[in-house]
Amino acid sequence: ARLLAHLRWTFVELERRGLEMGAFATEGDIFFLTHAEVRQWVGNDLAPDGLASLIAERRSQLETDRDRSVPPVIYGDRLPLPRTVEEPNAATDLTGIPASAGLAEGKVKICRSLASYTPESSDIPVILVVPYTDAGWAPLLASAKAIVAEVGGQLSHGAIVAREYGIPAVMNVTNATQKLTEGQWVRVDGGRGRVEVIGDR
């Protein structure tokens, strides 16, 4: 705690001097910069107009983020996406546990076991639909754009691997391997726990 206090005092003093020089416009500007950017500014490697542009952009992003509906728990360092996707069609869309945030569209690839998996062409975005996953499934998950699993939660193997790979995942989707059809085009919203059926492509 003492170290953090001293770090903050250091940045506050740097900002005070920056305000005197005209590098900053208002108090608090320095806290919109990363440590590396502050070092660049101190070393005269970051031009004043670039500095002002960075601060303005991040202030604007902060105002935009104030209207986000943030869940009580966030995994990783990615904020959930704003709700810009269309509302789901209750007749065809599936819901489950949001396990890894993000949006992805692709072709459904149903894989009920490791032995039954046949790879798709690399240029086709694959949404892997599985009954469950364990450590042996990791190589398959690496090639998917998103994961939909019938069993599991936010701490299950598939969810953890999806977050490590940075791809959306929805877990605990009842009978997903029966309700979804091989080749269907779907949109996976990992932040909201929804699988939207778009159609066949």
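Reader: Let's start with Glu105: what's its relative accessible area?
Author: Glu105 has a relative accessible area of 30%, so it counts as partly exposed. Buried means under 20%, exposed over 50%, and partly exposed in between, using a 1.4 Å probe and protein chains only.

Reader: Okay, what does the side chain of Glu105 meet in a salt bridge?
Author: The partner is Arg187, with 2.7 Å from N to O. Glu105 sits in strand β3 (residues 103-110) and Arg187 in strand β7 (residues 184-189), so the pair ties together parts 82 residues apart in sequence. A salt bridge here is a side-chain nitrogen of Lys or Arg within 4 Å of a carboxyl oxygen of Asp or Glu. Helices (H or I, at least four residues) and strands (E, at least two) are DSSP runs, numbered from the N terminus.

Reader: And Arg187, buried or exposed?
Author: Buried, at 15% relative accessibility.

Reader: Before I go on, where do these numbers come from?
Author: This is a predicted model, where local features need pLDDT of at least 70 and side-chain atom pairs count only at pLDDT 80 or more, while totals for chains, interfaces and linings use all residues. Residues are numbered from 1 along each chain as its sequence is written, and side-chain values use heavy atoms, leaving out hydrogens and water.

Reader: Which residues do salt bridges that share partners join into one network?
Author: Glu13, Arg16, Arg17 and Glu20. Within it, Glu13 and Arg16 have their closest N and O atoms 2.5 Å apart. They are three residues apart in helix α1, which means about one helical turn separates them.

Reader: Switching topic: where is Ser100 found?
Author: In strand β2 (residues 97-100). Ser100 is buried, with a relative accessible area of 4%.

Reader: What does the side chain of Ser100 reach at 2.7 Å?
Author: The backbone oxygen of Ile167. Ser100 also touches other residues (heavy atoms within 4.5 Å), among them Ala162, Pro168 and Gly190, not counting residues up to four places away in sequence.

Conventions. A polar contact is a pair of N or O atoms within 3.5 Å; within protein, one must be able to donate a hydrogen and the other to accept it, and residues adjacent in sequence count only if both atoms are side-chain atoms.
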